[in-house]
Each structure stands twice: as C-alpha cells, then as structure tokens.
Amino acid sequence: MKKTRLLLMLLSSMLACTAQAKTNQVGVALANFDLNFISILRTQMAQELEAQKLKGQFSDAKGDVALQVQQVDDLINQGVDAIILNPVDTQGVKSMIVAARRANIPLIFVNRKPEVKLEGATAYVGSDAALSGTLQMETLAKKMNYRGNVAILMGALSNEETCERTRAAEAVIAKYKEMKVVEKQTAKWQRNEAVDVVSGWLLNGLPIDAIAANNDEMAIGAIMALKQAKKTGVLVAGIDGTPDGLQFIKNGEMAVTIFQDAKAQATGAVKVTKAMLDHEKTEAYNWVPYEIVTKENFQKFAQISQK
C-alpha cells in the first residue's frame, strides 16, 4: 500500500513538472509584414516572446482581411494558447473575436483598435489614433501661421486609425478661418502610392501649402513627389516616428511627425498576453502615449528607435 502511494506521489510530481515545463504557444497575426511600422512591431514582439518564454508563430495577411480571418482560424485549429492580432480591417474583427471566444483563447489586439467593445479575454494595446491627428495638425497649423491650404493623405479606408486621424486633423483645421482642406485621398499607408497621389495633385495644379499624412511612409512619398516636381515651400507632416521618418525630420524635409512607440506597443501586447495566460488581472484598454517630434528634439527619439 505504501509503495502504491509512493508511486502515485512520484507520478503526480512528474505530471506537475511536465505541466510547468509546457511552453505556451502564441499566434501573432499581422496585417502586412511590408509596412515599416508593422515590421518594427514584429521584430520587437519576437524578442519579447522569447524573453517571456513564450513560443511565437507569425502570419502575414498581406493586407487581405479574408486571408487574415483564415489565418486566425488556422491558429485556433493548431491549438495555440493565445492570439495577438494586428487587424487588416478594424471593422471586420467580429468573426475572429467569436472564433477565439468559442475556443477559449485570449485575443489581444495591438496597434489598431477594433471598432467593437472589448469584453472577456480580449484586450487592446496601442495608442489613441484621434490624439495623433490632433497633435499633428495643431503643430503643423502653428508652423503655417494658421493660414493656408492643407491636403490630407489617408491610410487604408478600412482602418480605424485612418478615420480617427483624418477626422481629428479636419477638426483642427476647421478651428482656423484662414485654413482649409483642399483635397484628401487614400494612399493605403504606402510610400509609392503617396508618390502617385501627390504627383497627380501637383500635375492638376492643386494649390497646396501643407500635406498631412496619416503615417510617415505616405509623408515620405509626398516629399519624394514634391522633389520630383521641384516644388518647394510645402510643409509635410507624418505620424509614427519610424526610423525613416526621423531621418527626414533630421534632414529638415519633414516638418513634424508624431512618435508612436512601436516597441512599447509590441512589448505591452506580449506582456498582456502573458498575464492573461497566467490568469492575472488585465485591463481591456492599455494605452501607449504619443509624443511630438520636430527637428529640435528628434535626437531623443532616434536613440529610442536604436535601442
């Protein structure tokens, strides 16, 4: 009897050790590996997953919402323990939330806030998109002496960030009688798309004093188009504070960008995921602050991006 009890105790101990040794699997579904900001997110998340002793599996939706839905289903079917999601379409996330909930898998959104209320084992880690648009446009308006024509380069129309940043910029412009929006068009977050859009504006003789882009990549595209057309005197603003964007700030070619801390968002998303897996209390919304970047203070942010 004593031997049986001892064997049972040893077996129980071995099972406990095996359970403790299990490495949780985290599926990371990203909208598009090719986007500069998302590339930074991906790199930092990979590092933080390793630091938290979690195994990560990354998928690239290539900007295709249907593909991302399928990728999330695949991750669930593979038995991952949690999913970090950077959605292609912030309006089209309901089916993925339902699927994760049915499988009892925590779902953590990063960088792009879903346009639904988050409940249960769901969370968001990122920044307030509207605030970045306000900060960008107020800084740009001051540099314009609160007068002139503004053109807005918008991100993908399916993204909450695009709507919020654009709406906030328009609200700032509406405050000043001698400022107005003369054009707004999507360039889908892409540098090359922005070159084409801005080149078209210039060819049509659109009177532009400043261009407010929803991200740095499109701002850089705008600068390239202005250079090609040998058009000077147009102020260009971006959002994100990516390494490329900071270089254009340093060179004096971009007037302002709004630093969105990709590394803090990535690290925060993994930490919230780990807390959920450990059944610790978490917040539904976890905010990472923005900061204004100009030529006067860009060095501080260049150092952050190099860490």
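## Two helices that cross

To follow the first stop, you need to know what an axis is here: a line fitted to C-alpha atoms, for helices over the stretch in contact, with angles running from 0 to 180 degrees between N-to-C directions. Keep in mind, too, that this is a predicted model. Two packed helices are described by the angle between their axes and the distance between the axes.

Now look at helix H5, residues 129–143, and its partner H6: their axes come within 7 Å and cross at roughly 35 degrees. The crossing of H5 past H6 is right-handed. On the H5 side, the contact is made by Ala129, Ala130, Ser132, Gly133, Thr134, Met137 and Glu138. Facing them from H6 are Glu160, Glu161, Glu164, Arg165, Ala168, Ala169, Val172 and Ile173. Sorted by class, this contact has 7 nonpolar, 3 polar and 5 charged residues.

## Two domains

Zoom out to the whole chain. The domain assignment gives domain 1, which covers 25–127 + 262–288, and domain 2, which covers 129–260. Taken over C-alpha atoms, the centres of the two domains are 29 Å apart. Where the domains touch, domain 1 puts in 17 residues and domain 2 puts in 13.

Next, the gaps. Rolling a probe the size of a water molecule over the atoms shows where empty space is left. How many cavities of 30 Å³ or more does a search of the whole structure find? The search finds 1, and the space in this largest cavity comes to about 130 Å³.

Its lining is made of 14 residues, and Leu35, Phe37, Trp189, Asn215 and Asp240 are the ones nearest the centre. Helix H2 (36–51) and helix H6 (160–174) are the elements that give two or more residues to this lining, and H2 gives the most, with 3 residues. By class, the cavity lining splits into 4 nonpolar, 5 polar and 5 charged residues. Which domains supply at least three residues each to the cavity lining? Both domain 1 and domain 2 do.

## The open pocket

Last stop: the largest pocket, with a volume of about 200 Å³. There are 13 residues in its lining, and Leu226, Lys231, Gly233, Val234 and Glu253 lie nearest the pocket's centre.

Which elements each supply at least two residues of the pocket lining? They are helix H8 (216–228) and strand S9 (235–237). H8 gives the most to the pocket lining, with 3 residues. As for the kinds of residue around the pocket, 7 are nonpolar, 3 are polar and 3 are charged.

Note on methods. Residues are numbered from 1 along each chain as its sequence is written. This is a predicted model: local features need pLDDT of at least 70, side-chain atom pairs count only at pLDDT 80 or more; totals for chains, interfaces and linings use all residues. Side-chain values use heavy atoms; hydrogens and water are left out. On a 1 Å grid over the protein atoms alone, a cavity is a set of points where a 1.4 Å probe fits but cannot get out, and a pocket is an open set with protein on both sides within 12 Å along at least five of seven lines; lining residues have an atom within 4 Å of a point. Grid points are joined across faces, edges and corners, and a volume is the space filled by probe spheres set on the points. Helices (H or I, at least four residues) and strands (E, at least two) are DSSP runs, numbered from the N terminus. Ala, Val, Leu, Ile, Met, Phe, Trp, Tyr, Cys and Pro count as nonpolar, Asp, Glu, Lys and Arg as charged, and the others, Gly among them, as polar. Domain bounds come from an automatic or database domain assignment. A crossing is left-handed if the near helix is turned anticlockwise from the far one by less than a right angle, and right-handed if clockwise. Contact means heavy atoms within 4.5 Å.
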